[in-house]
Amino acid sequence: MAIKYKWVAERLEMMIEKNIQRGIHKLPTEQELCKRYQVSCQTVRMALNLLEQKGLLVSRQGSGSCITGLSSKPQGNVIGILVSSDQDYIYPGVLNVIRNVLSESGFSDQVFTTENSVSKERGILLQLLKQPLRGIIVEGCKSALPSPNLDLYRRLMKKGCQIIFLYNYYPALSDCIYIKDDNYNGSALLVQHLAAQGHRAIGGIFKSDDMQGIERYQGYIEAMRDLSLPLSDDRVCWYGTRELDQLVHKRDTLFLRNMIEEALSSCTAVICYNDIIAYYLVDELLKAGYQLPADMAIAAFDNTYFSNSDILTVTTLSHKPREMGTKAAEAVIKRLNGLPVLSQETRWKLNLKESTQTDL
């Protein structure tokens with residue numbers, strides 16, 4: 001009996017590996033396994049129990065033995081994480097949350113940084129195709145633009161790699177799940193807050209090559225329209241990944257100075273794409289002679305340490321702690337378990353600080 005059930009367990013481990021690659025999440029019934037291996041039901045149950053102890057199977061009432069998504073090979077339980085950066089800002093916290101949630105379910109992680117470059121993203125994907133991982137959590141590169149890397153994502157999906165997008169997604173990959181911000185309502189929340197303080201000339205600074213920037217712009221203009229506030233293209237400013245790199249790495253603030261002179265001079269308030277832009281904008285406004293927050297109310301997204309400078313704390317939006325990372329990790333685990341997963345948009349919470357405390 002002992003020899004037989006271990007023999008069956010070895011065969012089932014091989015079946016699990018093949019099913020994982022094929023995207024099959026269940027084993028045949030006990031009766032089918034008895035017939036296939038010419039053993040008793042007790043032998044099959046002992047083999048299944050052994051695999052449950054190893055974490056390879058879970059018994060679900062009405063569904064039989066389901067594959068957890070874990071592989072018997074340690075290298076088969078790695079989840080890739082593709083993000084723009086793993087340094088500073090929101091990334092270390094999110095990566096730690098994802099890592100912890102994956103670890104609790106027996107998975108490990110491997111982080112790849114793209115610097116929001118489609119060419120670097122392509123190089124990473126080509127390497128992954130040589131030895132596909134179980135799943136990938138991806139922050140898309142320049143997600144507001146058409147991607148040249150859809151072919152590689154489709155090839156990975158055909159090899160059984162589960163893909164979950166984080167913060168944005170590629171609309172052409174309609175089969176992929178995404179976990180992202182509710183950017184439309186986030187902008188609306190900021191516009192409503194500023195309007196309630198009496199501001200009517202509200203400008204905006206948005207990122208042009210990422211989906212988040214487009215959605216935050218749309219939420220901004222729709223909220224302005226719905227509140228019957230004046231819409232002016234001249235008060236909307238755009239920047240891209242190149243300008244952001246120059247700002248962060250070389251402290252090149254020329255584009256912000258131009259925005260202040262050309263677009264924001266007629267505004268009493270401005271909504272910034274994120275805390276980084278708000279942080280550097282505060283410095284440039286002060287250099288230009290603005291009294292803050294009296295001359296310009298400022299609001300932004302993300303609630304990071306950039307919003308809490310000693311010069312001026314900035315009103316900003318945040319999520320519940322651990323929310324984004326937890327949802328992304330749980331989504332990929334559920335997909336590997338063959339469980340249904342829906343795309344989700346997380347709601348924002350307003351954090352009031354000094355930068356919008358003005359009396360008009």
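Is Cys272 buried or exposed, and how many disulfides are there? After that, please walk me through strand β5 and the strands it pairs with.

Modeller: Bearing in mind that this is a predicted model, Cys272 is buried, its relative accessible area being 0%. Its sulfur lies 9.2 Å from the closest cysteine sulfur, that of Cys237, which is too far for a bond. The count of disulfides is zero. Cys34 is in no disulfide either, although the sulfur of Cys41, the nearest cysteine sulfur, is 3.6 Å away; because a pair must lie within 2.5 Å to count as a disulfide, that pair is left out. Cys34 is also buried, with a relative accessible area of 11%.

Turning to strand β5, which spans residues 135-138, one finds both of its faces covered, with Gly135 and Ile137 buried on one side and Ile136 and Val138 buried on the other. In a regular strand, side chains alternate between the two faces of the sheet. Strand β3, made up of residues 78-83, pairs with β5 in the parallel sense over four bridges, and within this pairing Gly80 stands opposite Ile136. Strand β6, residues 162-166, also runs parallel to β5 and is joined to it by four bridges, with Ile137 standing opposite Ile164. Between β5 and β6 the chain passes through helix α6, residues 150-158, in a β-α-β crossover that is right-handed.

Definitions and conventions: Residues are numbered from 1 along each chain as its sequence is written. This is a predicted model: local features need pLDDT of at least 70, side-chain atom pairs count only at pLDDT 80 or more; totals for chains, interfaces and linings use all residues. Side-chain values use heavy atoms; hydrogens and water are left out. Buried means under 20% relative accessible area, exposed over 50%, partly exposed in between (1.4 Å probe, protein chains only). Helices (H or I, at least four residues) and strands (E, at least two) are DSSP runs, numbered from the N terminus. Two strands pair if DSSP finds at least two bridges between them. A crossover is right-handed if, with the strands pointing away from the viewer, the path from the first strand over the helix to the second runs clockwise.
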